[in-house]
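Work through the exercises below with the sequence and the model open. Each task is followed by a solution in steps.

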Amino acid sequence: MIKRLYLDDTKFNITKNLKLEYSATNNSRIDELEGTMRRGDSLYSQMKDTIWQSFKNFGRNTSFNQQWNLNYQIPINKIPLFNWINANATYVATYQWTAAPITKDTSLHIGNTLQNSNNIQLNTSFNLIQLYTKIKYLDQINKKYRKSS
């Protein structure tokens, strides 16, 4: 049995504030027939052909995972009244597929496994010192204590 792993990581800056990331992983396996492989055996040619055919097809997929990340920097800080606020929205989606195991009993059919999920997140941060500079009284207090320290 030979295992192969394929990875893909891609990043797109769609706009200055909108970024997309995609990653995928695919695991595959090159299966072999049962038994030992010896030159001169009656099944040697068939075993060799089976392995090469599987190798040419990049193996049998055993698992596939992918993830999408979409990040948006909300431009609320571009409005002068709100330049002390930063906001960021994120959407994450995942998909996972796992192949069912191969059994000797051909009448037994075990299904593949699928999973998916998503997550939406909103983060904000407030720079209160910048807010204080907008209010004259608080700005004076802030300047007074900044000089003394």
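**Exercise 1. Find which residues make the nonpolar surface patch, and which helix gives the most to it.**

Step 1. The patch covers about 870 Å² and is made by Phe126, Leu128, Ile129, Tyr132, Ile135, Tyr137, Leu138, Ile141 and Tyr145. Patches consist of residues with over 30% relative accessible area and no salt bridge; nonpolar side chains (Val, Leu, Ile, Met, Phe, Trp, Tyr) are joined within 5 Å, like charges within 9 Å. Accessible areas come from the Shrake-Rupley method with a 1.4 Å probe, and for residues only the protein chains shown count as cover.

Step 2. Two helices, helix 2 (128-132) and helix 3 (136-148), each supply at least two residues of the patch. Helix 3 gives the most, with four residues. Helices (H or I, at least four residues) and strands (E, at least two) are DSSP runs, numbered from the N terminus.

Step 3. Tyrosine 137 is one of the patch residues and is found in helix 3. Its relative accessible area is 57%, so tyrosine 137 is exposed. The classes are buried (under 20% relative accessible area), exposed (over 50%) and partly exposed (in between), with a 1.4 Å probe and protein chains only.

Before going on, note how the model is to be read: this is a predicted model, in which local features need pLDDT of at least 70 and side-chain atom pairs count only at pLDDT 80 or more, while totals for chains, interfaces and linings use all residues. Residues are numbered from 1 along each chain as its sequence is written, and side-chain values use heavy atoms, with hydrogens and water left out.

**Exercise 2. State how many salt bridges a search of the whole structure finds, and describe the side chains that meet.**

Step 1. The search finds one salt bridge, defined as a side-chain nitrogen of Lys or Arg within 4 Å of a carboxyl oxygen of Asp or Glu.

Step 2. The partners are lysine 143 and aspartate 139, at 3.4 Å from N to O.

Step 3. Lysine 143 and aspartate 139 are four residues apart in helix 3, so about one helical turn separates them.

Step 4. Lysine 143 is partly exposed, at 44% relative accessible area, whereas aspartate 139 is buried, at 15%.

**Exercise 3. Identify which strand has the highest confidence, and list what alanine 93 touches.**

Step 1. pLDDT is the predictor's confidence in each residue, from 0 to 100. The protein chain averages 84, and 90% of the residues score at least 70.

Step 2. Confidence is highest in strand 4 (residues 85-98), at a mean of 97, and lowest in strand 1 (residues 2-13), at 72. Where pLDDT is low, the predicted coordinates should not be read in detail.

Step 3. Alanine 93 lies in strand 4 and counts as buried, at 15% relative accessibility.

Step 4. Not counting residues up to four places away in sequence, alanine 93 touches Gln66, Gln67, Trp68, Ser117 and Asn118. Contact means heavy atoms within 4.5 Å. Alanine 93 and asparagine 118 are 25 residues apart in sequence, with 4.2 Å between their C-alpha atoms.

**Exercise 4. Locate asparagine 112 and find which backbone atom its side chain reaches.**

Step 1. Asparagine 112 sits in the loop between strand 4 and strand 5 (113-126). Its relative accessible area of 46% makes asparagine 112 partly exposed.

Step 2. Leaving aside neighbours within four places in sequence, asparagine 112 is in contact with Trp97, Thr98, Ala99 and Ala100.

Step 3. The side chain of asparagine 112 reaches the backbone nitrogen of alanine 100, at 2.8 Å.

Note on methods. Polar contact = N/O pair within 3.5 Å; in protein donor to acceptor, adjacent residues only side chain to side chain.
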